[in-house]
Every structure is written in structure tokens, then in C-alpha cells.
Amino acid sequence: MTFLGMPAFAPRGVGHLRGDEPFPAAARTALGNSQMRRNLRHATTTIRGKSGRVIAELPDWQDLRSAGSAIKADVMSRLPELLEELETRVTTAGGTVHWAADANEANEIVTRLVRETGSDRVIKVKSMATQEIALNEALEAAGITPVETDLAELIVQLGEDKPSHILVPAIHRNRSEIREIFLRAMPGVDPSLTDDPPVLAAAARRYLRETFLSTRVAVSGANFAIAETGTLAVVESEGNGRMCLTLPDTLITVMGIEKILPTWRDLEVFLQLLPRASTGERMNPYTTMWTGVTPGDGPQNFHLVLLDNGRSAVLADEVGRQALHCIRCSACLNVCPVYERTGGHAYGSVYPGPIGAILSPQLTGIEDNASLPYASTLCGACFDACPVKIDIPSILVHLRNQAPHPRAERAVMATASRVMQNPRLYARAQRAAKLARIVGRRGRGLPPPFSGWTAGRDLPEFPDQTFRDWWAAR
Amino acid sequence: MRIALFATCLADTLYPQAVKATVLLLERLGHEVVFPFEQTCCGQMHINTGYQKDALPLVRQYVSTFDPYDVIVAPSGSCVGSIRHQHEMVARSHGEAGLASRAADVGARTYELSELLIDVLKVEDVGAYYPHRVTYHPTCHSLRVARVGDKPLRLLRQVRGIDLVELPGAEQCCGFGGTFSLKNAATSTAMLADKMSNVVSTGADVCTAGDASCLMHIGGGLSRLRTGVRTVHLAEILASTEIS
């Protein structure tokens with residue numbers, strides 16, 4: 001047997017998995033955006049309430065979570081054979097399967113497939129995988145115009161912006177900002193457009209309807225792929241995805257290799273978990289499923305691009321691989337107190353929030369996203385909210401243990417450990433700690449990183465006596 | 001009952017009143033408290049900052065110190081959470097299977113104060129008297145790691161004279177997160193600001209919790225803004241009587 005080395009991470013220089021600056025700096029900037037903080041507070045509070053209510057209706061929610069978790073663990077334990085089964089089924093049903101080791105390969109495959117159709121425009125179903133690999137940028141570079149058809153993705157695209165939430169990519173925008181974006185960038189928009197939500201939706205609808213009817217190629221992602229049947233599934237709320245998946249001649253689906261489910265029956269679990277955890281709906285309004293090509297009905301050319309882009313590297317980590325169980329519901333974002341305040345852009349990657357903090361560093365290699373595992377207080381709200389029970393706090397702790405550490409911090413931690421191993425040294429250090437307060441002029445003016453504390457908080461008064469001294473004197 | 005006390009390094013050093021209150025409360029209820037002097041720190045700061053190798057000796061220190069005792073109590077949901085949910089993992093990931101199984105065993109005998117009172121000692125009314133307006137912040141690790149549920153509130157509801165008021169957004173993190181408060185100071189402060197405004201909105205004089213660390217954070221902010229709201233550990237309220 002030949003050792004082929006460790007699986008590759010997502011390559012640098014392509015895609016949207018790496019930010020321009022570390023999380024603490026990006027977050028500091030974002031915290032000053034009062035409009036965004038208001039929008040996020042309102043949106044996450046609303047979704048949390050709605051989701052909580054529909055989850056409470058199900059007496060077997062915890063069992064469903066366990067089932068979802070178990071199915072995903074099974075998938076990860078035999079991913080290669082399931083992928084080959086899927087390839088066989090899709091091919092038998094008239095589709096073509098392509099394997100993309102990374103973002104560059106996936107972008108090249110999709111660009112070539114679109115070129116072969118002769119079309120210079122594609123309509124797109126909302127998809128995280130294509131955001132991850134920056135497919136739109138690759139298509140544009142090749143002279144092909146991608147049109148996002150999910151309303152929120154369209155807002156992001158027209159605003160030349162970046163998505164800040166997995167499910168609600170324009171969550172940081174409010175309706176008056178959306179009106180401005182439409183007026184500025186939507187072809188053929190009515191100049192008397194108001195910021196009334198139905199009016200905004202109607203404007204998008206008019207623009208998109210024209211595009212649906214005149215474009216022959218669509219690109220989508222996939223929520224699920226069934227290995228035993230070769231069926232792909234996309235769930236959505238607007239019906240724009242359904243248009244893309246049924247009207248064009250050619251459909252190209254880009255799917256992360258972890259999206260696979262073994263059997264048709266497994267869908268039963270996930271179609272209950274996903275809408276309740278994500279949008280707070282009992283059932284998502286549109287569920288589109290297709291198996292290869294059906295003559296005379298729907299796209300007559302179907303291509304499935306299976307994307308690795310670092311996923312095999314995640315799979316190789318037996319603790320971290322749980323991150324691949326994610327079904328992109330965003331429940332962890334909506335309950336995260338850090339995300340609620342910083343928004344998604346601070347995370348630098350298309351995957352923000354708690355799941356992004358464990359997924360992005362594993363896809364890119366920890367060195368390229370070293371600050372993300374620390375972008376959490378480990379409060380645990382994400383773990384409780386996750387519909388497939390991904391233990392995000394434990395994975396954060398696991399990744400922190402692998403992250404590169406600042407030299408000064410390493411020295412402090414090593415010293416603290418040596419002191420704490422020795423009860424006598426420890427008691428002496430306790431008494432010495434009082435000096436910090438004197439040095440810090442009653443709590444202010446301490447050097448970094450402690451200045452981060454004293455900027456907003458007083459230090460506690462040091463007691464005259466530690467507990468152990470009190471006990472000894474008792 | 002003979003109960004071994006784990007003071008936690010933070011409360012031992014900075015909040016001895018919370019640990020003394022734990023002792024006085026348990027003794028008042030007729031139990032014997034012992035304080036093994038070999039104890040230091042549970043290692044949670046090292047583990048959660050990414051220094052498991054440096055935490056390993058602290059896990060060993062905790063396990064060897066408390067292995068001889070049947071019942072161990074700490075006035076901290078966070079430290080108890082770390083002991084119960086991380087010690088075994090740290091030992092095992094360093095190939096120390098023997099230590100791991102002892103750590104799991106000692107962890108299962110380590111209780112947060114409200115758990116000890118309600119689950120082990122079977123007492124809800126501890127005979128406390130505390131005539132103040134109080135709001136309770138359920139700390140994240142007590143709630144979602146140690147899983148103490150509403151036990152602290154059940155104990156507080158039995159306190160004579162107390163005016164217990166509900167904290168809006170109670171279950172949201174205060175933003176402490178150990179070294180998070182230093183590494184992500186701006187975000188931490190933003191979370192603290194919201195926690196403080198919720199505390200102040202209750203009109204309480206006292207904000208209580210089962211963790212000295214979160215109280216240090218919330219209290220540090222309340223003090224800086226001169227809100228006049230004090231932070232008091234749950235153990236101190238439960239230890240208060242009409243005579244004290």
C-alpha cells in the first residue's frame with residue numbers, strides 16, 4: 001500500500017474561506033456599525049423565537065437530533081463507498097459526475113461546461129458551495145454572467161457585497177438599504193421604488209422572471225444527495241430555486257462530498273430537522289428532487305460536480321470531522337451571542353458563526369484561520385441548538401489546542417502551569433497577585449493583553465486574606 | 001456527610017468570601033467540610049486556551065488531591081463543568097488511560113454547590129435570610145455544561161426576605177469566556193454592555209450567580225459604570241441568616 005500523504009487543504013488564492021484580517025480586528029470594526037447591530041439583533045431574535053416555537057411542537061425533537069447525528073456519523077465512516085454508489089446511480093440515470101479536488105478544479109469544470117452550452121449567462125440557486133469556491137468570480141472572468149436568483153443572494157450580488165449569514169445572506173441589510181441597492185444596480189427597475197417589502201419583492205420578481213425565461217443554463221448546490229437512488233435535493237422558501245432546477249436545458253450542481261445520505265428513508269429525518277432549525281418552519285415551502293435526466297421533463301443535461309476542497313482533510317481529524325455533519329441550517333448563528341454582535345463578515349469566510357469557527361480553519365488548515373477557534377466564549381448555545389448535535393464547543397477547544405500560539409502567551413501559560421502544579425508556589429503566587437492591582441493603579445493602565453479587560457471593567461478588590469490563609473488560621 | 005471542598009483558584013484568591021460562605025452554609029446544615037491543601041486549579045484556562053499539555057499536570061493534581069473523597073463540592077459551575085467534561089479527555093488524548101478513568105470517576109463525584117444541596121443533600125430550603133432585591137444570572141457553563149438547570153433558582157426562591165426578580169435575556173452569555181475577554185476584548189465588552197443593561201433594568205441591588213468568574217466580569221463592568229449594583233455569589237446569599 002502506498003501512503004499518499006495527508007489530504008490537501010482548500011488552496012490559497014481562490015474562494016472565500018479566508019478573511020483579510022484576524023477576527024478580533026474585524027469584529028472591532030463591525031461592532032461600531034450600529035445599523036448592522038440593530039438589524040442582526042432584530043433578525044436573530046425573530047428567527048430564534050420562531051424556531052423555538054415549532055421545535056417545541058415536536059415531542060421527538062431530541063430523538064430526531066440523535067438520528068440525524070447517527071446518520072451523519074455513519075456517512076462519514078464510509079464516505080468513499082457512498083460517493084461511488086452515488087456516481088453509479090447518477091450516471092445510470094443519465095447524469096454526468098465530475099470530481100473536483102479543490103476550488104480551482106471545480107471552477108474550471110463548471111466554466112468549461114457552461115462554455116460548451118454556448119450560453120454567456122447562468123442563473124444560480126442559492127448555494128454555499130459555489131460561494132465557498134468563488135464560482136461567480138471565475139465565471140465572470142470567463143465572460144459568463146452569473147445571476148443569483150435567491151432574493152437575499154441577489155441583494156448581496158447587486159450590492160457588490162459579501163454574504164453575512166448562511167441562510168439569510170443579506171441579514172445585515174434593512175429594507176431602505178435594499179431599496180437603494182435595487183435602484184442603483186437592478187436592470188430595468190422602476191425609479192419610483194419604495195422600501196415597502198412587497199414592492200421590493202415585486203421588483204425582484206419582475207427582474208428575475210425575465211431572466212428565468214431567457215437563460216438556458218443553471219448552477220445549483222445541493223442540500224442532500226441519496227446514494228442508493230442518485231437523487232439530488234434542494235430545499236428553499238421562494239420557488240426561485242425550483243425555476244432554476246426545472247426551466248433550463250442544462251443544470252450543473254456543485255456539491256460538497258459530505259452532503260450525501262445513504263438511503264431515501266434518511267431524508268425523513270432531515271426534512272423534519274432542517275426547516276424547523278433554520279427558518280422556523282414546519283416544512284420548507286419548496287422541496288425539489290431530481291434523479292439524473294427525465295426525457296422531455298426538466299433539464300436534459302445534468303452534471304454533478306463533487307467538491308472536496310479540504311473536506312477530506314477535515315474527515316481525517318476524528319474529533320473535528322463532526323463539522324462535516326453540518327446541514328447549513330444556521331441555528332448556531334442565530335443563537336450565538338458573538339455572531340449576534342459582530343455579524344458574519346468579521347469571520348472572513350463564507351461560513352460565519354460557530355460552525356464557521358470550526359469549519360473554516362479545518363478546510364484551510366489552522367494557520368490560515370488561527371483566530372477563528374477563539375471567536376467564541378464557549379457558552380454552548382450552539383451545541384444545544386444544532387439539529388445534528390455537533391459538539392461545537394468541544395471542537396473549538398480541540399482546534400485551539402492545534403492553533404499556533406503567541407510566544408509570550410506560551411511562556412505565561414507554561415509558567416502558570418508550573419506554579420499551579422505546586423501548592424506551595426501557588427500559595428506564594430496568590431499573595432504576589434495583589435501587586436497587579438498596585439501596578440495597575442487600582443485597575444487601570446495594565447499592559448496588553450490585560451488592558452483589554454481594564455478598558456471596560458474594573459479589577460476586583462484584592463482581599464486581605466485568601467481563602468486558604470483563612471482556613472489555615474481558623 | 002463529609003464533603004471535600006474545591007475552592008477553585010479564582011475564588012480562593014479573589015473571592016474568599018464565596019468559599020467561606022460555602023463552608024459556613026454546609027456546616028450550618030450539619031456537614032463536615034474538609035479542605036485538602038494540595039488543591040490548586042482545575043486547568044480549565046489552559047484547556048480552553050489551547051494548552052492541554054500544560055493542563056495535564058493540573059488534571060493529575062486535581063485527581064490525586066480529590067481521589068480519596070466520596071463527595072466533592074465547588075462553588076463554580078464552570079470549574080465543575082471542566083472537571084466533569086474535559087479532564088478525562090485531556091488525560092486520554094495524552095495516552096494516560098489510567099488517569100483518564102480516575103478523572104472520570106472523580107469528576108462524577110464532583111458537584112456544583114446547588115447540585116450538592118438539591119441532588120445529594122436533598123435540601124431546598126437552607127434556612128437563609130437575605131432582604132434584598134436580587135436578580136440571578138445563570139452562567140453558561142452551569143447551564144449548558146454542568147447542567148444544573150433551575151436548581152439555583154429553586155434554592156433562591158426559598159430564601160426569606162428576598163425579592164427575586166427575573167433577568168431579561170438571562171441565558172445569554174455575559175461575554176467573559178476566560179481568555180476570550182482579553183483576546184476579543186471589544187466583542188466581550190459589547191456582550192457585557194447588554195448583560196449590564198438587562199441587570200440594571202430589573203432594578204435589583206444585587207446580581208447573583210454560581211460562578212465567581214462571570215461575577216468578576218459582570219461586577220467589573222457594573223462597578224466601572226458606577227451602577228450601584230453589587231455582584232454576590234450564590235453561596236453568600238444561601239449562607240446569610242437573620243443572625244449573620
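Predicted model: local features only at pLDDT ≥ 70, side-chain atom pairs only at ≥ 80, totals over all residues.
Two strands pair if DSSP finds at least two bridges between them.

**A sheet in chain B**

Chain B holds an open sheet of 4 strands in the order β2-β1-β3-β4, with parallel pairing. Strands β2 (32-34) and β4 (110-112) of chain B are at the edges and have a single partner strand each, so one side of each is left without a neighbour in the sheet. On average, neighbouring strands of this sheet are turned by 35 degrees against each other, direction ignored.

Within the sheet, β3 (residues 72-74) of chain B pairs with β4(B) in the parallel sense. In this pair, B:Ala74 stands opposite B:Glu112 of β4(B). Helix α8 (residues 113-120) of chain B lies across β3 and β4 of chain B. The helix runs at about 100 degrees to β4(B).

**Further strand pairs in chain B**

Strand β7 (residues 206-209) of chain B is joined to strand β5 (residues 133-136) of chain B and also to strand β8 (residues 230-233) of chain B.

| Strand pair | Direction | Bridges |
|---|---|---|
| β3(B) and β4(B) | parallel | 3 bridges |
| β5(B) and β7(B) | parallel | 3 bridges |
| β7(B) and β8(B) | parallel | 4 bridges |

B:Thr135 has B:Cys207 of β7(B) as its bridge partner. B:Ala209 stands opposite B:His233 in β8(B).

**Where a helix of chain A meets a helix of chain B**

Two packed helices are described by the angle between their axes and the distance between the axes. The axes of helix α19 (residues 407-420) of chain A and helix α4 (residues 52-66) of chain B come within 9 Å and cross at roughly 10 degrees. Angles under 35 degrees count as roughly parallel, and therefore α19(A) is roughly parallel to α4(B). From α19(A), the contact is made by A:Met413, A:Ala414, A:Ser417 and A:Met420, and from α4(B) by B:Asp54, B:Pro57 and B:Leu58. These residues divide into 5 nonpolar, 1 polar and 1 charged.

**Chain A as a whole**

Chain A contains 23 helices and 10 strands. Its radius of gyration is 25 Å, close to the 23 Å that the globule rule gives for 474 residues, so chain A is as compact as a globular protein of that length. The C-alpha trace of chain A spans about 90 × 65 × 45 Å along its principal axes. Of the 474 residues in chain A, 48% are buried. Among the contacts in chain A with a separation of 6 or more, 76% are between residues 24 or more positions apart.

Methods:
Residues numbered from 1 in each chain as written. Chains lettered and ligands numbered in written order. Helix = DSSP H or I, 4+ residues; strand = E, 2+ residues; numbered from the N terminus. Axes fitted to C-alpha atoms, helices over the stretch in contact; angles between N-to-C directions. Contact = placed C-beta atoms within 7 Å. Parallel < 35°, antiparallel > 145°, perpendicular 65-115°, else oblique. Nonpolar A, V, L, I, M, F, W, Y, C, P; charged D, E, K, R; others polar. Rg over C-alpha atoms; globule rule 2.2 N^0.38 Å. Buried ≥ 20, exposed ≤ 12 C-beta atoms within 10 Å, placed from the backbone.
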